[in-house]
Amino acid sequence: MYELPLPTEYPFDIFSCLVPGSKFDILLANPEVRDSVWFFDEIYRIKGATASLNTLPVLKKAFLHQMSKEEMKSLYKNRLVDSKDGRDIYNAIMETAINRTCPLCSLRKVSTLDHYLPQAHYPQYTLLRVNLYPACIECNKAKTDKVNPRKAKQTYHPFFDKLKGILWLSAEYRDTPSPALRYYVNDQVPNTYALRDRMRYHFNELALGDLYASYAGQAFSDIKDALQRVYRRKGAVGVERYLARQHRSYYKSNPNSWETVFYETLKNSPTFCGGGFNNIVMITFP
Ligand SMILES: [Zn+2]
């Protein structure tokens, strides 16, 4: 999870590029409809700032003067995803991810746009920039379309949930049957607007603990040989220093990456530095 700058685009910036020739083009000429779109954007930003998007109404049928949910979905698909002009907007949003890395898992590469509030239940936010950010397809699918009215059961929102300066990711070292890490969202995250609860919910729903542990499993295997060589020359202190150097290096680019926490946890484990690494089960590919 990492935060993205809150979009400053006006609610019509996407609409006006996509609607020419559609039913929405005529609708937008209606001042009432324009007011409604402004209202959707405004209320979304207000609710988002207090993690209260769960209190917005789920729309069952038509909205905006007979614009149906299906028409809105088709506008998104045919005009934003599949048309040339729309694709330029789509790609520009994709480019907002840091190094094309997904803001929901901080690991896989972005490959789609995610609607924080799903189109299936909230068509009124389908084309609002503030509801759209880049994500990887796995996170996009794991989020699903389900709606949960409880505040603590909302996923992380990259535009509103501020994490700068918070070391939120930790891991627990487990020695048996072989070295492994269990990743979790720690207590350093303030629970203002249920942020800590929501991050834990997000972490579990998107199975980020399993994802990071899997990468850590390979990393254990990759460093075993190097640690054994360091230990033969400089003992446990040498191993700890080696791991601390790796930790510093990863920390500089991302204090909350699985790698940063991997090296931090291992350097702080006397058991691991004192020879626990010898029990690493090697992962090898043919
Ligand atoms: Zn992801």
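How many Å separate the centres of domain 1 and domain 2, taken over C-alpha atoms? The points below begin with that question and then turn to the pockets and the cysteines.

1. Domain arrangement. In this predicted model, the chain is divided into domain 1, residues 12-147, and domain 2, residues 169-279. Taken over C-alpha atoms, the centres of domain 1 and domain 2 are separated by 37 Å. Twelve residues from domain 1 and eleven residues from domain 2 take part in the contact.

2. Position and volume of the largest pocket. The largest pocket lies between domain 1 and domain 2, because both of these domains give residues to its lining. Its volume is about 740 Å³, and 27 residues line it, with Tyr2, Ile98, Ser253, Asn254 and Pro255 lying nearest the centre of the pocket.

3. Make-up of that lining. Two elements, helix H8 (208-253) and helix H9 (258-267), are those that give two or more residues to the lining of the largest pocket, and the largest share, three residues, comes from H8. Sorted by class, the lining of the largest pocket holds 14 nonpolar, nine polar and four charged residues.

4. The second largest pocket. For the second largest pocket the space comes to about 270 Å³, and among the 17 residues that line this pocket, Asp114, His115, Gln119, Asn140 and Asp145 are the closest to its centre. Helix H4 (69-81), strand E1 (112-115) and helix H6 (137-143) each supply at least two residues of the lining of the second largest pocket. By class, the residues of this second lining divide into seven nonpolar, five polar and five charged.

5. Cysteines. With a disulfide taken as a pair of cysteine sulfur atoms within 2.5 Å, the count for this model comes to zero disulfides. As to the setting of two of the cysteines, are Cys102 and Cys273 buried or exposed? The cut-off for buried is under 20% relative accessible area. Cys102 has 0% relative accessibility and therefore counts as buried, and Cys273, with a relative accessible area of 4%, is buried as well.

6. Points to keep together when reading the model. The domain division into 12-147 and 169-279 is what places the largest pocket between two domains, since domain 1 and domain 2 both contribute to its lining.

Conventions:
Residues are numbered from 1 along each chain as its sequence is written. This is a predicted model: local features need pLDDT of at least 70, side-chain atom pairs count only at pLDDT 80 or more; totals for chains, interfaces and linings use all residues. Side-chain values use heavy atoms; hydrogens and water are left out. Buried means under 20% relative accessible area, exposed over 50%, partly exposed in between (1.4 Å probe, protein chains only). On a 1 Å grid over the protein atoms alone, a cavity is a set of points where a 1.4 Å probe fits but cannot get out, and a pocket is an open set with protein on both sides within 12 Å along at least five of seven lines; lining residues have an atom within 4 Å of a point. Grid points are joined across faces, edges and corners, and a volume is the space filled by probe spheres set on the points. Helices (H or I, at least four residues) and strands (E, at least two) are DSSP runs, numbered from the N terminus. Ala, Val, Leu, Ile, Met, Phe, Trp, Tyr, Cys and Pro count as nonpolar, Asp, Glu, Lys and Arg as charged, and the others, Gly among them, as polar. Domain bounds come from an automatic or database domain assignment. Contact means heavy atoms within 4.5 Å.
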